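Please look at the structure before reading the answers.

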Amino acid sequence: MTTYIKHPLIKKDSIESRLYQQVLAGDVLKNGNTMVVAPTALGKTIVAILVAADRLQKVKNSKVLVLSPSKPLAIQHEASFKEFLTLPCSSITGAVKTDERVKRWEESRIISATPQTVESDLLNGRYDLSSVSLIVFDECHHGVGSYSYVYLASRYVKESNYNLILGLTASPGSDKAKIKEVCENLYIQNVVVKTENDRDVKPYFNPVEIDWVRVKMSAELEKINDSLEKALKIRLKTLKNMGILKTISVTKVDILKTRGRIQGEIARSTAPKKELFQAISILSAVINIQHAQELVETQGVHPFNKYIARLRKKKTKASRSLMNDPNFSRAVRLAHNAEKNGWEHPKLRALAEILKKELGSDGQTTLQTTRYADKKDKKTSKIIVFTQFRDTLEMIHEKLEREGIKSAKFFGQGTKDGEKGLTQKEQKEIIKAFRMGEYDVLISTSVAEEGIDIPAVDLVVLYEPVPSEVRMIQRRGRTGRKRTGRVKVLITNGTRDEAYYWSSVRKEDNMKNQLINPDVLKELNESAVARMDNEKKVKVIDRPKDEKLPLVYADSREGNSKVIRYLSQMEMDVKIHSMAVADYQVSDEVAIERKTAKDFVSSMIDKRLFKQARALSEEFKRPLMILEGDDLYSGMVNPNAIRGTIASIALDFGISIIPTRDAQDTAAMIKRIAIREQSGEKSNIQIRTDKKPVSLWEQQLFIVESLPTIGPVNAKNLLEHFGSVEKVFNASESELMEVEGIGKITAQNIRKVVESEYLYFKKEIKEKKLL
């Protein structure tokens with residue numbers, strides 16, 4: 001007989017009573033900030049709901065904030081919490097307007113949100129975290145680097161009166177340093193691991209059977225690969241003779257490290273040797289060849305040919321050298337002929353056979369009976385095929401179409417080679433169609449690994465292994481939710497596929513060993529406790545209510561930068577606006593363009609830099625540019641070209657350039673500039689939301705657009721109707737209403753602005769008289 005959890009805030013007979021979930025929830029409530037590591041489908045969300053119910057009952061009028069790395073996942077969590085809890089719950093994402101987000105925050109007890117949206121709202125002062133009694137970080141392994149989870153955890157610890165943090169993940173990573181970083185960043189003091197082999201879990205867990213399907217690389221592909229190998233060895237031997245490499249037996253990681261070392265030498269030298277630039281070019285060519293080999297070995301000729309087409313468009317020395325290389329050219333010619341003749345990678349044929357067998361010999365959906373379903377409960381097979389590359393996805397889709405298998409392509413929102421990505425709306429429509437059975441197979445890139453509400457599937461096929469234990473676990477988690485799951489992984493013998501397979505297996509074993517090692521867990525706990533203690537020791541200065549903090553306006557495009565986060569922690573009044581020119585403004589005369597070293601070089605190459613410099617110097621009397629980072633000379637661009645650009649910005653445009661070490665140093669510099677500019681009696685800062693108009697008609701439009709509720713269209717209509725700015729300002733209410741788009745209220749507001757006295761001036765005169 002099924003028993004259910006009883007709780008005042010949990011809907012009756014809604015959550016099945018599972019001992020391991022209750023123990024996990026109790027562990028969180030007893031031991032404090034906790035990371036729960038458990039396979040997908042073990043009910044980590046239910047654990048979060050149980051903890052949330054306890055906190056909301058005991059901490060009166062408090063809120064629970066559930067954070068997810070994507071909008072679909074945030075909406076999915078909203079639905080789950082609404083399904084099980086009796087308190088009002090809503091979601092906050094970037095798709096929701098600002099006013100509505102504030103309303104939802106104020107009216108809800110449970111908020112499911114994307115972290116970037118909450119971060120933006122906090123930085124704009126729309127609400128705070130003081131009343132949040134529990135914050136849940138779903139997929140908490142994202143809590144590294146500059147990801148929003150890190151900032152929100154730090155701010156929560158400082159602001160909330162009732163700290164409790166719960167992190168949920170199926171895979172925090174295999175590297176001890178990575179796990180430690182996540183725990184430190186999210187103030188995790190306790191790590192609890194649940195596996196499918198635990199006795200209390202086994203009754204509820206559907207095992208996942210993994211089948212490694214091996215194929216042999218065809219003779220045609222081996223010929224192409226042999227030519228690529230010859231082109232590769234020539235360059236590796238050259239690098240060895242130059243003293244750049246000690247051996248030609250190197251991996252892609254070795255090459256990337258070597259390139260970083262050479263870039264460092266270039267950066268440290270005032271007059272780098274030509275050989276160093278030559279080495280960088282050769283190393284870039286080596287990376288290109290290694291990627292081409294990976295495509296041939298693990299994907300097929302179609303993705304290889306698509307890559308070559310992109311490589312031809314590049315104008316770099318490395319790409320030109322490859323196209324002129326006889327061995328590389330031979331590989332390109334063989335691959336072109338192979339595709340022309342219809343030769344495929346053996347994986348593609350193996351995949352088609354697997355899908356046909358699963359769906360029926362004719363490739364169409366069949367109601368099948370398997371050992372995973374009772375004969376009376378026939379199921380329609382649902383299959384996901386994962387692949388690394390969008391080119392491969394397209395190849396697989398075309399193959400399945402020819403075989404009569406109904407499939408849908410599913411990929412991210414980014415544009416590639418002119419092909420637009422899928423919008424979230426389009427993604428949802430595809431998933432809905434897949435759920436309803438319109439497609440039997442979903443072919444997806446990594447976008448479907450997490451954060452997308454994809455229905456449970458009977459079979460997951462990996463076109464290639466991935467060398468990441470996190471991604472392998474996420475992909476496996478798409479099956480086995482309702483019954484025994486199945487995964488098939490295609491491996492080409494003697495290729496990178498095998499190396500990636502063993503890498504993921506090793507990393508997953510290492511992850512499990514790290515998480516069950518008591519010494520490691522103790523170290524993680526002590527580190528997180530120490531950081532939390534340090535945060536609580538931060539002295540909060542009580543300031544007079546009328547004392548103004550230094551003010552800085554930041555462009556909305558800087559919203560996700562670390563600089564704004566640091567500024568908000570430095571007793572600064574940070575206001576985020578859309579700005580036409582500059583990234584930061586601290587006075588009417590002083591605006592700051594921030595450039596990281598990488599951005600400086602890239603904007604120099606694509607000519608954006610001088611346009612930005614010109615606009616900055618035209619708009620502001622004292623423009624500044626902050627150049628952030630110490631790796632300015634570590635790229636492929638000659639240092640003298642960079643120095644020449646810096647000289648031009650300073651001398652030709654009159655822009656002072658200030659170097660900073662990192663984002664925190666940049667924030668400190670901006671604060672110091674703001675304090676200097678805003679000391680003494682200063683007028684209110686007028687931010688530039690638009691560039692100053694240049695031509696006469698632009699100036700006229702600019703002036704009329706400044707009237708209340710008048711945009712570009714209405715401004716143009718007014719000027720065309722009346723003929724001049726003067727006549728617009730002198731027009732009566734009834735005359736204004738004759739213009740298309742101008743209603744009574746708008747006309748009244750215009751007349752009010754034009755006719756009203758300047759009250760601020762009167763107030764200023766009155767104050768001076770009193771003095």
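Predicted model: local features only at pLDDT ≥ 70, side-chain atom pairs only at ≥ 80, totals over all residues.

Residues are numbered from 1 along each chain as its sequence is written, and side-chain values use heavy atoms, with hydrogens and water left out.

Q: How many salt bridges does a search of the whole structure find?
A: A salt bridge is a side-chain nitrogen of Lys or Arg within 4 Å of a carboxyl oxygen of Asp or Glu. Searched over the whole structure, the number of salt bridges is 32.

Q: Which residue meets the side chain of Lys488 in a salt bridge?
A: The N to O distance in this salt bridge is 3.0 Å. The pair links distant parts of the chain, strand 15 (residues 485-492) and strand 8 (residues 208-215), with the partners 277 residues apart; helices (H or I, at least four residues) and strands (E, at least two) are DSSP runs, numbered from the N terminus. Lys488 lies in strand 15, and its partner in the salt bridge is Asp211.

Q: Is Asp497 buried or exposed?
A: Asp497 forms a salt bridge with Lys347 at 2.6 Å, N to O. Asp497 lies in helix 18 (residues 496-516) and Lys347 in helix 14, so the pair ties together parts that are 150 residues apart in sequence. Buried means under 20% relative accessible area, exposed over 50%, and partly exposed in between (1.4 Å probe, protein chains only). The relative accessible area of Asp497 is 0%, so Asp497 is buried.

Q: Where does Glu344 lie?
A: Glu344 forms a salt bridge with Arg402, with the closest N and O atoms 3.1 Å apart. Arg402 is in helix 15 (residues 390-402), 58 residues from Glu344. Glu344 itself lies in the loop between helix 13 (326-340) and helix 14 (346-359).

Q: Is Arg402 buried or exposed?
A: Arg402 is linked with Glu344, Lys356, Lys399 and Glu403 in a network of salt bridges. Within that pairing, Glu344 counts as buried at 18% relative accessibility. Arg402 has 53% relative accessibility and therefore counts as exposed.

Q: What is the relative accessible area of Gln21?
A: Gln21 lies in helix 1 (residues 19-31). Not counting residues up to four places away in sequence, Gln21 touches Glu16, Leu42, Gly43, Ile46, Val47 and Leu50, where contact means heavy atoms within 4.5 Å. Gln21 is buried, with a relative accessible area of 3%.
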